[in-house]
Amino acid sequence: MTALTRQDIGRLLARQGILFAFVAFMVAFTLANGRFLAPDNVMGVIRSSAILGVMALGVTFVVISGNLDLSVGSMMSFSTIVVLDLHDKIGPALAIPAMFALTMCLGALIGFLVGYLRLNSLIVTLGMLSAIYGLTLTWSGGKNMDIADKAGTWFGVFGQSSVLGVPVPILMFGGLAVVLAFMLAKTPFGRKVYAVGGNGVAATFSGIPRARIVFLCYVLSSFCVATAGLMQASRSMGSQNTVGQGLELSVLAAVILGGASLMGGSGTIFKTVIGVLILGFIQNGLLLVGLQFYVQYVVTWVIIILAVWLDIAVKRGRLWSPIA
Amino acid sequence: MKFRTLLTTTAAVAAMSAAGAVSAEAMKIGITQNNVGVDSYQTTYEKAFIAAAEANADIDAIVLDAGGDVARQIAQVEDLIQQEVDAIIIWPTNGEAVIPAVRKAHSAGIPVIVTNSNIAEAGFDFVRSFSGPDNITQGARSAEIMCEKFTQMGIADTAQVVQISGQPGYTTAIERQKGFDDRLPEVCPNVTVVETQPGDWNREKSQKVMEAFLVKYDKIDGVYSGDDNMGVGALNAAKAAGRDGIIFVGATNFAVGYEAMAAGDYWGSIYQSPVDDAEAALKTAIDVLNGVDVPFLNYFDTPKITQDNMGDYTKPVF
């Protein structure tokens, strides 16, 4: 009458390998520094991972649909700068929707180019990375953007306040993760995203409008980026033009770490969240251990490779598996 | 990955208009900047440089921007040599990689003035003068500001400090850290720097680093940041964690740092004006061309600014 047979455990491991890798690192870091799992530290890490996390949620859709998005970091800088600038010009209540609209226009443009003109997503979004950066600099004139009256605005709620002891960025990240996980796993749209990325030809023959699905994935991704920009702007009430620079690679690392295939067709929101948390806790853990900085880059890489290897090895049921 | 072609074009167009009328005996001075538009300091620097050049009828300035790209900067130096300018001012994108270009200008008999951040020592022979801030002195002065405050508070024997440095490998970051680390034990021998981690000149990154410090250390009396942008990030982290009474000292006083000082949250910094920086570079070039004896390291002064004397300084524009 044992609830779990050997096969059950094997199957569970195979499906959730990355989760076990995550637990293994958490234990290792906790042994290295007892404060690692202190509630305020855990809360702090999740809160600062939330911005990256929200972006990774959107990119998960794009990656599952078989495409890439390298423009999200640059786009996040754009939305942060735009909402901060508009805040002082037209007030927060109008600035936020205006920023969302502008950012989603960028997403729609990418979606149009990739979906309807069938251009390679790597090339389109790599180009957009620099184009949007230029757009941001043109908007700001290169200057840092700061809210003039930081005390007299409610704009800080998205980044700084808490509800029942839980910081709002975590609630936004969690809420969005739940909604998008449902959308991906349980709705026709979600299943079409998997279909388009898994086997595009079969999807077409099944009557799935591939172009529209890809287009919508990019719009959804830009919505997530706008949300991240809002959280970022609200958190620091001011920003450099380069605030999101380089985040596109961290986002992609988190999504891939979560096990989504770069070829499309696989991945889940839950695993992406785990990927985001692994990256966040590695960064924080290495700081707490107090490792010399230059070594941290290398160690971060080693840990990511270890996690991916553990994940794959558990799935295959063996550690050693050369290309046959 | 830097695709900033757009900037160069706009800067070049600005340069054409800035050049204005060329008189026969005008000094033709070319400048190639690091990366205008990437931050407010560089943007303000460029505006100030163009304004100073326009205000002087004897100057015919060619203002270029490398957009952070070493290859483009080298090409720009070669262009300036082709145009037979009288002097070249360079804000290096990379202290090592631009040396061959600087040597080429030197061989062509064109004096080179390095501005803001110096090139590597191997290239010193080809440079007439370096005009910029003395980052080691800045770090030392930040140490003094912090020590004076601790002494005033009576905690100079017990205080613990954390340091958030600039981008690793960046000369300014290394020099400020060195200045601070060397000077602090001289003025306040009992203050300990418990840990140093880089904030990469980035407010958000610095906030994360400070959050980790706050978890790790129960007792933090002071934070030294390599610039105010990072300092304000650290301040935000301390505020969010409810840790009061920490003395924040930075460098390169930014508008946000100035405001935080005015609000009483941030103790002090180093006042470094991009306008002074730009004007000093132009003046150094003019002096070199006029045969005035210019020291190799031609620093412009960057004074201490604290809550006590901030009234003497206008709020930074960046």
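Reader: What order do the strands of the open sheet in chain B follow?
Author: In this predicted model, the order is β2-β1-β3-β4-β5-β11 (chain B), six strands with parallel pairing. Strands (E, at least two residues) and helices (H or I, at least four) are DSSP runs, numbered from the N terminus, and two strands pair if DSSP finds at least two bridges between them.

Reader: Which strands stand at the edges?
Author: β2 (59-65) and β11 (297-299) of chain B do; each has a single partner strand, so one side of each lacks a neighbour in the sheet. From one strand to the next, the twist averages 20°, with axes fitted to C-alpha atoms (for helices over the stretch in contact) and angles from 0 to 180 degrees between N-to-C directions.

Reader: Which strands does helix α3 of chain B lie across?
Author: Helix α3 (residues 70-82) lies across β1, β2 and β3 (87-90) of chain B, at about 175° to β1(B).

Reader: And the domains of chain B? What are they?
Author: Domain 1 is 5-133 + 274-300 and domain 2 is 135-271, with bounds from an automatic or database domain assignment. Their C-alpha centres lie 32 Å apart.

Methods: Residues numbered from 1 in each chain as written. Chains lettered and ligands numbered in written order. Predicted model: local features only at pLDDT ≥ 70, side-chain atom pairs only at ≥ 80, totals over all residues. Contact = placed C-beta atoms within 7 Å.
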